[in-house]
Amino acid sequence: MANGGPVEHGYPHLETVRAAVTALYRRLSYDTIHQFTSSVVPADVAFCDTDDLHLGVQRVARELVRHFRLPQARMIVAFRAMEHAANVELTAGPEYFVELNDRFRTHRRDIGAALAHEIMHVYLHRLGLSFPGTRDNEILTDTATTYLGAGWLLLDAYREDAASSQKLGYLTPEEFGYVLAKRSLVFGEDPSVWFTSAQAYTAYGRGLERARHDERQPPLTAAGWAGRRRYARDRRHAQDSQDHRDRRSVAAPDSPYSFAPGSPGALRVTFACPTCHQRIRVPVRGRVRARCALCRTVLECDT
């Protein structure tokens, strides 16, 4: 939790975020992911200063448990002074003990955001899905919370001006915006109408542009002229390498694709699915329609 301190920006965790999206699709399946077509709506997690603190916390926690479809998961929530925003004890259940930072006694509008992250820890614990290391596992939790419909609360808790700042979660504001945009492009949902933070709206716009950039990478037909020209050059280089019987994969530095020999005399290109980031391999033979086996996205390619 950034509370008055500097807020990190940009995309320093982007590769881990993308790996987290892939891991969600692999562990949950396409059908389960699509059970979360609707996000948590503001009315269900609204918390005003006149609400009873403990009753309100329990109400919001129950709503988030319901949203994530956690069976027999009762949240016991307490407050204490600590460095982080919140903490959850992961046990076999059926009860889970969540601690919230004391500052949420007076910053109640962000209680839903803090609880969403902690309840996602419970969800992932029950799934048996985790990443090695605290940092990567927290990034997985933020990504899963966002992709499954409650992460807009975390982004909306981001506020920054010349005198103060606040941000919850391990992702940067732009990375939260990126994952929200990925979700929006899949489910056709616009979370920006729920933001109360102007900075959250800006971060979402930047994340949306980055997500759309993923859909404009060659060999996808939506790639721009510069990308297509670079792709053609790299393809010629790969074909020349194959003619010289070099069987190694060929990829330019920072390239979103790589080439490798396929059947005798043929070439194949490998690239990431713009939806789930699973690696896809198709033959180099002009116009090709590919379907991602993991997220079922149909991709128009010009290889």
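Colleague: How much space lies in the largest pocket?

Modeller: About 620 Å³. This is a predicted model, with local features needing pLDDT of at least 70, side-chain atom pairs counting only at pLDDT 80 or more, and totals for chains, interfaces and linings using all residues. Residues are numbered from 1 along each chain as its sequence is written, and side-chain values use heavy atoms, without hydrogens and water.

Colleague: What counts as a pocket?

Modeller: On a 1 Å grid over the protein atoms alone, an open set of points where a 1.4 Å probe fits, with protein on both sides within 12 Å along at least five of seven lines. Lining residues have an atom within 4 Å of a point. Volume is the space filled by probe spheres set on the points, joined across faces, edges and corners.

Colleague: Which residues lie nearest the centre of the largest pocket?

Modeller: R18, D214, Q217, P256 and A272, out of 26 lining residues. Two or more residues each come from α1 (14-33), α8 (198-214), α9 (225-243) and β8 (267-272). Helices are DSSP runs of H or I, at least four residues; strands are runs of E, at least two; both are numbered from the N terminus.

Colleague: Now the second largest pocket. What volume?

Modeller: About 480 Å³. Its lining also has 26 residues, with H84, A86, H117, E138 and Y170 closest to the centre. β3 (86-89), α4 (111-127) and α5 (134-147) each give two or more.

Colleague: Which element gives the most?

Modeller: α4, with 4 residues.
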